Amino acid sequence: MSNKFRKIMRVLVYCILFAIIICCATYLLKDLFYRYKEQSAIEQMRIEKQNALENVDYDAIEDSAFNSTKGKQILKEYRGFYEADNDFYGWIKVEDTDIDFPVMFTPDDSDFYENKNLRKEILPPGAGGWWIWIDGHTTEDTENVIIYGHNMKYGEMFGSLKKYYKEPDFYEAHKYIQFDTLYERGTYEIISVVKTKDYAEDESHYRFYDHIELDSEEEFREYVDNAKKNECFPIETTAEFGDRLITLSTCDYWTEDGRILIIAKKIR
């Protein structure tokens, strides 16, 4: 093999490596820029929410100053969001975590927000989505509101939920969840952290996602008992028939089609 040929091959290899580096760098920069845009938009919503809270004297305000829907008053901090987008349902937050997001609701298309960015543009397969959304079968009387969010690779959205079973002290420091609807603020206490799967209908396992309307004591007790039976670690707090529940759900890779559920009851 001649020296000239070796030089040509060396240059060719360098060119290929350089092209690979450029492609990888471009992909990473685009990904970082995209994440920055989405995070900035969410942060702006957080600022608007906080400004509304700080700039309103609830004791001095007239009822007519609140928007209303279905005869109910919308909380002042959420009025602007609902006016801009009627899909807006509420807000979820866990103190001292990355979970601090608006929650959306589309009863006619339960999974509408599963693969959308903040401009409601469809994302490519595997890209996740930048929204938190609730199950489309939810009604005002639903005893168990199921709230979905993606387990993003950098920890955004519901990526923090896996810490509940991976980090022993995380639960003790973050056992309360703030979940507000359009009409009322709510604080929930976690009663179970569950690892489960998205079981097919023909599999003989308890399918948590099928149980939203827990309007009988038997159904309610079955849901709580299955949560307790499958929880990752013992939690003394439980729920009784008549309690309002939320179930936070995200994918988790402990097994194929794995899911992590955080089940909590309303305490105020």
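**How the barrel and its core are defined**

Author: Eight strands close into a barrel here, in the order 3-4-5-6-9-10-8-7, with mixed pairing. From one strand to the next, the twist averages 30°. Please keep in mind that this is a predicted model.

Reader: Thanks! What makes strand 5 and strand 6 a pair?

Author: Two strands count as paired if at least two bridges are found between them. Strand 5 (residues 132–134) and strand 6 (residues 144–148) are joined by two bridges, so they meet that cut-off. The two strands run antiparallel, and Trp133 stands opposite Tyr148 in strand 6.

Reader: Why is Thr187 called buried?

Author: Buried means under 20% relative accessible area. Thr187 has 11%, so it belongs in that class. Thr187 is found in strand 8 (residues 187–197), and it touches residues including Tyr176, Ile177, Lys265 and Ile267. Across the protein, 44% of the 268 residues count as buried.

Reader: Which residues have the most contacts inside the largest nonpolar core?

Author: They are Ile92, Ile147 and Ile177, in a core of 63 residues. Leaving aside residues up to four places away in sequence, Ile147 touches Ile92, Val103, Phe158, Phe179 and Ile246, among others.

Reader: And where do helix 2 and helix 5 lie?

Author: Happy to show you! Helix 2 (residues 76–84) lies across strand 3 and strand 7, at about 135° to strand 3. Helix 5 (residues 217–229) lies across strands 6, 8, 9 and 10, running at about 65° to strand 8.

Key
Residues are numbered from 1 along each chain as its sequence is written. This is a predicted model: local features need pLDDT of at least 70, side-chain atom pairs count only at pLDDT 80 or more; totals for chains, interfaces and linings use all residues. Side-chain values use heavy atoms; hydrogens and water are left out. A nonpolar core is a set of buried Ala, Val, Leu, Ile, Met, Phe, Trp, Tyr and Cys residues joined through side-chain atoms within 4.5 Å. Buried means under 20% relative accessible area, exposed over 50%, partly exposed in between (1.4 Å probe, protein chains only). Contact means heavy atoms within 4.5 Å. Helices (H or I, at least four residues) and strands (E, at least two) are DSSP runs, numbered from the N terminus. Axes are lines fitted to C-alpha atoms, for helices over the stretch in contact, and angles run from 0 to 180 degrees between N-to-C directions.
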